[in-house]
Amino acid sequence: MAHGEKITRNADGTLHVPDFPIIPFIEGDGTGPDIWYATKLVLDSAVKSVYRGKRQISWIEIYAGEKGYKETGEWLPKQTLNAIEKHSIAIKGPLTTPVGKGIRSINVAIRQKLDLYACVRPVKYIDHVPSPVKNPEKINMVVFRENTEDLYAGIEWEAGSTAAMHVLEFLRVDMDVSLPEDSGIGIKPISENKTKRLVERAVLYAVENGLPSVCLMHKGNIMKFTEGAFRKWGYEVAKDKFGDKTLTEAELFEQYNGIRPEGKVVIKDRIADMLFQQVLLRPEEYHVIATPNLNGDYLSDALAAQVGGLGMAPGANIGDTCAVFEATHGTAPKYAGKDKVNPGSLILSGAMMLRHMGWMEAADLVETALKTTIKDRIVTYDLARQIKGAKEVKCSEFAEAVVKRMK
Ligand code: NAP
């Protein structure tokens, strides 16, 4: 039984975080236990160092993935979903995707079942991390990827199956669309409500953090009623909900000669393929990016690579009732139990979680101590092989080095 109190919600939907909150964790499969214990050490130490016992997290373990299957016979037990919902916040390591076990992906299932509709991925360069681009320090963006619909809704039929033939027949007879008989079919739903709640969250983030712009990334030139509609609904919600705090790029040039008025967020849009070029060539012009699921999946990993790879990229899946913070890489099974991999992604996701809770000082301390550790060239194998003169340490030793730099 955890000693602590539940995080609750105030009437306006904001979080009420007690000083001793209960937070569930899923340690994850493969290298999950290694990076989770490193992360827990760092988060607990930061909280202790900043709040000196006046605040402390009471962790409770919940199960999913291989450990979930061993403990409960289920890959994603109902109790786990209930616990996340009940406690408003959870943190998780990576989970193995069971092959051919009737569940597509545990991660996707968690997002869909808890309606965690915004996948939020901050991408910011950490000094001294090896990067494949010339000026990685210019990259400082947050990607808001819609998490529940688009081609990821999982509505698809195998070529030649009865269902696929049925859909082909419907298209031919009722819609006057003829497709090859050996086509596999996937459905791409993008709805007004789900687009608007995602873009609203992205614009709110920009407003609250005083950021200059939100860019709607889409492929609306080709897919007019899905991605094109995402663009249209995105502009609508920005105007309806934040009309006094935003202006469009067109208005910026027509009314303000291209000079952003103090405190206003510029809403702009870019076609996906063009934006991939822009984040390489002129990254400093992009701050928040809101986009449908598939574009967001590609873009967040590409951006993570620009600042040094997935081993250091934090992420969260956020809905209206709860949020799950997670490592963005997989289980890296070949290193399981070797105390070897980089815990940076989960540690930085933990810092995001502290920020979400309003424990900013502790979040700042985690990030600063981690940056200093890397600056001191104390790194795990993945960075050691790229940084000249680095001292390679184990996963747990990296966490200890971070904690040492909090003093
Ligand atoms: P992966 O686990 O991300 O590992 C691929 C490679 O990335 C590793 O071999 C390693 O490269 C590098 N890497 C990953 N995490 C690292 C870390 N913390 N520190 C340093 N290097 C790291 O991808 P995968 O092998 O394709 O997937 C394995 C399993 O994870 C699958 O079951 C997959 O479904 C699952 N998965 C889960 C999630 C999630 O839970 N969110 C996400 C993606 C995949 P080197 O060997 O070159 O060092």
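Predicted model: local features only at pLDDT ≥ 70, side-chain atom pairs only at ≥ 80, totals over all residues.
Ground rules: numbering starts from 1 along each chain as its sequence is written, and side-chain values use heavy atoms, without hydrogens and water. Local features need pLDDT of at least 70 and side-chain atom pairs pLDDT 80 or more, while totals for chains, interfaces and linings use all residues.

**Whole chain.** Show the protein chain as a cartoon. It has 14 helices and 17 strands (DSSP runs: H or I, at least four residues; E, at least two; numbered from the N terminus). The C-alpha trace spans about 65 × 60 × 50 Å along its principal axes. Colour by burial: 51% of the 407 residues count as buried (under 20% relative accessible area, 1.4 Å probe, protein chains only).

**Helix pair.** Select α1 (residues 32–51) and α12 (residues 360–375). Their axes, lines fitted to C-alpha atoms over the stretch in contact, lie 9 Å apart at about 125°. Angles run from 0 to 180 degrees between N-to-C directions. Now show side chains. Among those that meet are Val 42, Leu 43 and Ala 46 in α1, and Met 360, Glu 361 and Leu 365 in α12; contact means heavy atoms within 4.5 Å.

**One residue.** Which helix holds Gln 278? Go to α9, residues 272–281. Gln 278 counts as buried because its relative accessibility is 9%. Beyond neighbours within four places in sequence, select its contacts: Arg 270, Pro 283, Glu 285 and Tyr 286.

Terms used: Buried < 20%, exposed > 50% of the residue type's maximum accessible area, 1.4 Å probe, protein only.
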